[in-house]
Each structure stands twice: as C-alpha cells, then as structure tokens.
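Dear colleague,

I am handing over the structure below, together with some notes on what was found in it. Please read them with the model open beside you.

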Amino acid sequence: DGGAIVGKVAGRAPGATATDIPWLKLEVASRRGNGQLTPATTIQRINTKGGVASGACESAGTLLSVPYSTDYVFLKPA
C-alpha cells in the first residue's frame, strides 16, 4: 500500500530460551505514506522461537541463515 514505518528500540527482553532472539519494543521513529501501518506508534516483537546462531559461518563471506518465528504487534492511539 506504499506506507512504511521505521522503529527505534525502546526496550528488549530475553526470549524464552537461549536459542530464541529477544523480544523487542520499538517506538516508531519515522513514517512515509498513508498505508495500513502508518498510524502505528509502537511495534512489539513477541513470542519468538529460534533465530540465535550457534557457531560461525563455514567461511568468510558466506550467509548464515537461522530460521525463527515471531508475532509482531502494531499499536496505534485509540
């Protein structure tokens, strides 16, 4: 829909296990357009599963992909 928002980290909490990326609270720092997410003021990344790399890449310059799942919550004023 052409809208975009950029968040700035306002808080973080550890995932449920050592292999889960942290939960994040992001405050919207900037926005562009009039899309569905444009009114959001806060974004939360919650319920993370996975995402933490164990070990290094096999060789320099290679991509290390670590799957994860999460829920994102977009909050706006009432």
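This is a predicted model: local features need pLDDT of at least 70, side-chain atom pairs count only at pLDDT 80 or more; totals for chains, interfaces and linings use all residues.

V9 counts as partly exposed because its relative accessibility is 46%, the scale being that buried means under 20% relative accessible area, exposed over 50%, and partly exposed in between, with a 1.4 Å probe and protein chains only. V9 is found in strand 1, where strands (E, at least two residues) are DSSP runs numbered from the N terminus. Leaving aside neighbours within four places in sequence, V9 is in contact with L24, K25 and L26, contact meaning heavy atoms within 4.5 Å.

Residues are numbered from 1 along each chain as its sequence is written, and side-chain values use heavy atoms, with hydrogens and water left out.

G3 is found in the segment before strand 1, which spans 4-13, and at 31% relative accessibility G3 counts as partly exposed. The C-alpha atoms of G3 and G33 are separated by 4.4 Å, although the two residues are 30 apart along the chain. Apart from neighbours within four places in sequence, the contacts of G3 are R32, G33, N34, G35 and T38.

Side chains of opposite charge can pair when their charged atoms come close. The count comes to one salt bridge, defined as a side-chain nitrogen of Lys or Arg within 4 Å of a carboxyl oxygen of Asp or Glu. The partners are K25 and E27, whose side chains meet at 3.7 Å, N to O. K25, at 37% relative accessibility, counts as partly exposed, and E27, at 30%, counts as partly exposed too.

E27 also takes part in a polar contact, side chain to side chain, with T42 at 3.3 Å; such a contact is a pair of N or O atoms within 3.5 Å, where within protein one must be able to donate a hydrogen and the other to accept it, and residues adjacent in sequence count only if both atoms are side-chain atoms. T42 lies in strand 3 and, at 11% relative accessibility, counts as buried. Not counting residues up to four places away in sequence, T42 touches K25, L26, E27, V28, V73, F74 and L75.

R45 also has its place in strand 3, which covers residues 42-50. R45 is buried yet has no salt bridge, and the nearest side chain of opposite charge, D20, is 11 Å away; here Lys and Arg count as positive and Asp and Glu as negative, while His and the chain ends are not counted. A polar atom of the R45 side chain does lie 2.7 Å from the backbone oxygen of P22. Beyond neighbours within four places in sequence, the residues in contact with R45 include W23, L24, T70 and Y72.

N47 is likewise found in strand 3, and has a positive phi of about 55 degrees although it is not a glycine. At 37% relative accessibility, N47 counts as partly exposed.

Finally, Y68 is found in strand 4, residues 68-75, and counts as partly exposed at 41% relative accessibility.

Note on methods. Helices (H or I, at least four residues) and strands (E, at least two) are DSSP runs, numbered from the N terminus.
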